[in-house]
Amino acid sequence: MTINADVQAAGLSAPTIPTRAPERVLQVGPLMPIVQATIAAEHGAVRVPDGVERAAFLAEHGSEFTVAVTSGKVGVDAELMAALPNLRAVVNFGVGYDTTDVAQARARGILISNTPDVLNDCVADTALALLLDVFRRTSAADRFVRRGDWLNGNFPLATKLSGKRIGIVGLGRIGTAIAQRVEGFNCVISYHNRKPAVGVDYRYVASLTELATDSDALIVAAAGGSDSVKLITAEVLAALGPQGVLINIARGTVVDEAALVEALLSGALGGAGLDVFEAEPHVPEALLALDNVVLLPHLASGTTETRAMMADLTLANLHSFLLDGSLVTPVSH
């Protein structure tokens, strides 16, 4: 006899078995096509509208969504998160999650995931490409040839990279991968973190200004977020000096962009290789004409192989959360 039959025979009402409401998935901003297609087909994901339609949509449906899937470029900001009262998780495509309101997520117990490790190699490769390009002036030389200037004389001499002193700001997973690469050029490596890294032989420098003073190139690989806004100040750039080079593959907000532009225009800084900017996709117009600056459209992890792995890990995080409320790669916040 079943439980329901038992209670009916005894003349009792059948007990109500509580059931958890199904999770609803919200897409925030554009995502890689395979991720968008999968979360829509398998989980009925709905994309939050942009513009004037957003407020009305959230007022009517915001309470329905328990998990948001977004990217490091877009994130779930304070206003959107507040409009999602039942949000339980933010699944992030990308290693950076500074565009998401981490403080509010922490206060509300909202989980956040990202896609670490799978993009270390490609981001480090991009940092090395920028470093080589600025020192050897390969992009500038390419433009020189295309303009036909070679017909009028030789391209000016560039600068050797091998053996240079390289300072790394943020010796985490990506910073370590960068260090391993520049070791192959017999460079002298130093680094700055909040505290010395365990098991690392590179020289630790507690002061960013001191690190810049002792470096021919400074590579920024620090995490974004409120703690690192304008970490690279005018003082640090001045310490790097007129022969120094700044490489940034972290976040545009980590560098005082106005101070960087001023240093490059005045000659107080020798050159820069930038994959990220403060107000992407907008790039300071003054940088566009400078031959000692290499500008990339935030593509450090932009390879077919890495983006496929990022997509797989994003979907794995979503599937895990929907299955049992856990994340494969949660972040500590």
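The model is predicted, so local features need pLDDT of at least 70, side-chain atom pairs count only at pLDDT 80 or more, and totals for chains, interfaces and linings use all residues. Residues are numbered from 1 along each chain as its sequence is written, and side-chain values use heavy atoms, leaving out hydrogens and water.

**Exercise 1.** Find the edge strands of the open sheet.

*Solution.* Begin with the strand order: E8-E7-E6-E9-E10-E11-E12, seven strands with parallel pairing. Strands (E, at least two residues) and helices (H or I, at least four) are DSSP runs, numbered from the N terminus; two strands pair if DSSP finds at least two bridges between them. Next, look for strands that pair on one side only: these are E8 (203-204) and E12 (293-295).

**Exercise 2.** Work out how E12 is joined to E11.

*Solution.* Count the bridges: three link E12 to strand E11 (residues 271-274), and the two run parallel.

**Exercise 3.** Decide whether threonine 38 is buried or exposed, and list its contacts beyond four places in sequence.

*Solution.* First locate threonine 38: helix H2 (residues 33-43) holds it. Its relative accessible area is 13%, so threonine 38 is buried (under 20%; exposed is over 50%, partly exposed in between, with a 1.4 Å probe and protein chains only). Beyond neighbours within four places in sequence, threonine 38 contacts His43 and Leu315.

Note on methods:
Contact means heavy atoms within 4.5 Å.
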